[in-house]
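This note sets out some points for a reader who is new to structural models. Please keep the structure at hand while reading.

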Amino acid sequence: MGRAMRSTPPPQTYRVKSFGCQMNVYDGERMGELLNAQGLTPAAEGAAADLVVLNTCHIREKAAEKVYSDIGRIVKDASLEGGAAPLIAVAGCVAQAEGEEIMARAPAVRMVVGPQAYHRLPEMLARAQAGQRVTDTDMPAETKFDALPRRRRTGATAFLTVQEGCDKFCTYCVVPYTRGAEISRPFSDLVTEAQKLVETGAREITLLGQNVNAWTGEDDKGRAIGLDGLIRALAALPDLARIRYTTSHPNDMSEGLIAAHGEVEKLMPFLHLPVQSGSDRVLRAMNRSHDVAGYLRLLDRVRSVRPDIALSGDFIVGFPGETEAEFAETLALVDAVGYAQCFSFKYSPRPGTPAATMDGQIEAVVMDDRLRRLQDAINRHQHAFNTATLGKRVAVLVERNGRHPGQWLGKSPWLQSVHFEHESAGSEPILGDLVEVEIVQAGPNSLHGVPVAVAA
Ligand code: SAH
Ligand code: SF4
Ligand code: F3S
């Protein structure tokens, strides 16, 4: 459908801006590859693009509102420079949730494309060029993955979406509506995509899913396997050095996956396992279908096979009806677990979710105060976790150059950012090398080290 406008010359350059989670970033990369295959090229840093794709996130109100200010800025910049406004496409989860509203509120937008429909971007682009305004927020039966071009270029680390969607319906969350039902991509497609990523330079692959540990499939012998089976298969790729996965749900943490943490050397000692609250009453109101004791038992089991595992979580403060005593239970849980890092958010009521109309919505000042206290606790544990690596030798996968010449940045096995200078090493590292680094300084957010050896 669409309203006719004047037609525009074909765009030559594009820019994809991704605002959301890692899967949103992955989708942004794939949209870029799709546009490359159409003959477009990425706009140079700082230069105007003929086509701008705003790849949006709907998870919290702030994230969702950002798209409108961005559209305004793009239109204003173009008119200040006296040039033609670029073609604007809105993709991602806001597109899925508010497609019609975007078209009504933002006349400059020519295309709205949902997260399950972006493989149809080339056809949409042709129609937009012909002067139409086009919306595609279908969740088609065919999967976009079959229609996307093969992976081409990648850095030392890469994302690979293996599972999408969510059937859990936590009462605060939009993801089941914006991403649809849980689906697992087929095993052989994933092995092929992983091989391609490794051939183009990836040394580390992070397997992505809204509930990544709900992935199921059949291996090449037709046996039913879970995420641990997929991880074991990918670990057999000789040039792949590291495997990570995110985000997991406590209820899908299988025996096999826990065991893999003790057995698969390439599986990094890091587990992001969101719990959201330390109060069983709040967890029930959130429809999380796990309690605090069960969550702690899970962590104990993972620690029993991998004692050095770094733990990470997500927390929401100020869920409707959360009392001070219930919030204190969240603080106590953070202290009990001793997370290596965490994400924490103020509850944001999302239209259409059950929690948005629950009684007991919490005042902003109370939420601000709770978030600050929670973040203080999280930062304290994160700093302590980092400090514990002082004096240790850790393997750093080199991801990029630092701000200063001769400085390099990478990650430890526990996902800590590590920077080091190469002058002190025998030979200069290259991106994708594993460098053994002795940690000499530990800050709240990063580590500084001195290289000991390069072991490519
Ligand atoms: N599937 C993952 C995470 C999805 S969204 C999981 O269940 O763990 C990432 C995080 O955003 C969530 O873990 C939650 O902490 C936060 N989040 C989701 N909806 C939110 C809302 N309405 N307000 C504030 N935070 C929210
Ligand atoms: Fe959202 Fe809950 Fe699904 Fe995570 S498990 S995506 S928080 S509904
Ligand atoms: Fe945001 Fe959609 Fe990801 S709402 S967090 S971009 S799944």
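The numbered points below treat the domains, one interface, the ligand surroundings and the backbone in turn.

1. The structure is a predicted model. Its domain assignment gives domain 1 (2-136), domain 2 (144-387) and domain 3 (393-454). The centres of domain 2 and domain 3, taken over C-alpha atoms, are separated by 26 Å. Domain 2 contributes 18 residues to the contact, and domain 3 contributes 20 residues.

2. The size of an interface is often given as the accessible area lost when the parts come together. Between domain 2 and domain 3 about 1,500 Å² is buried, with 55% of it on carbon and sulfur atoms. Three residues, Arg-203, Arg-242 and Asn-386, supply 35% of the area that domain 2 buries against domain 3, which is more than any other three residues.

3. Which polar interactions cross this interface? The rule finds twelve residue pairs in polar contact across the interface of domain 2 and domain 3, but zero salt bridges.

4. On the side of domain 2 that touches domain 3, β13 (242-246) and α13 (364-387) each supply at least two residues. The largest share of this side comes from α13, with five residues. By class, the side of domain 2 that touches domain 3 comprises seven nonpolar, six polar and five charged residues.

5. The residues around ligand 3 include Cys-21, Cys-57 and Cys-93, together with Asn-24, Thr-56, His-58, Ile-59, Arg-179 and Gln-210. The shell around ligand 3 divides into four nonpolar, four polar and one charged residue.

6. Two backbone features deserve attention. Most residues other than glycine have a negative phi, and most peptide bonds are trans. Phe-169 lies in the loop between β8 (163-164) and α6 (175-178).

7. Where is the cis peptide bond with omega of about 0°? This cis bond joins Thr-246 and Thr-247. Thr-247 belongs to the loop between β13 and α9 (255-263), and β13 is also one of the elements that supply residues to the side of domain 2 touching domain 3.

Notes: Residues are numbered from 1 along each chain as its sequence is written. Chains are lettered from A and ligands numbered from 1 in the order in which they are written. This is a predicted model: local features need pLDDT of at least 70, side-chain atom pairs count only at pLDDT 80 or more; totals for chains, interfaces and linings use all residues. Side-chain values use heavy atoms; hydrogens and water are left out. A residue is near a molecule or strand if one of its heavy atoms lies within 4 Å of it. Ala, Val, Leu, Ile, Met, Phe, Trp, Tyr, Cys and Pro count as nonpolar, Asp, Glu, Lys and Arg as charged, and the others, Gly among them, as polar. Domain bounds come from an automatic or database domain assignment. Contact means heavy atoms within 4.5 Å. Buried area is the accessible area (1.4 Å probe) that two parts lose on being put together, summed over both. A salt bridge is a side-chain nitrogen of Lys or Arg within 4 Å of a carboxyl oxygen of Asp or Glu. A polar contact is a pair of N or O atoms within 3.5 Å; within protein, one must be able to donate a hydrogen and the other to accept it, and residues adjacent in sequence count only if both atoms are side-chain atoms. Helices (H or I, at least four residues) and strands (E, at least two) are DSSP runs, numbered from the N terminus.
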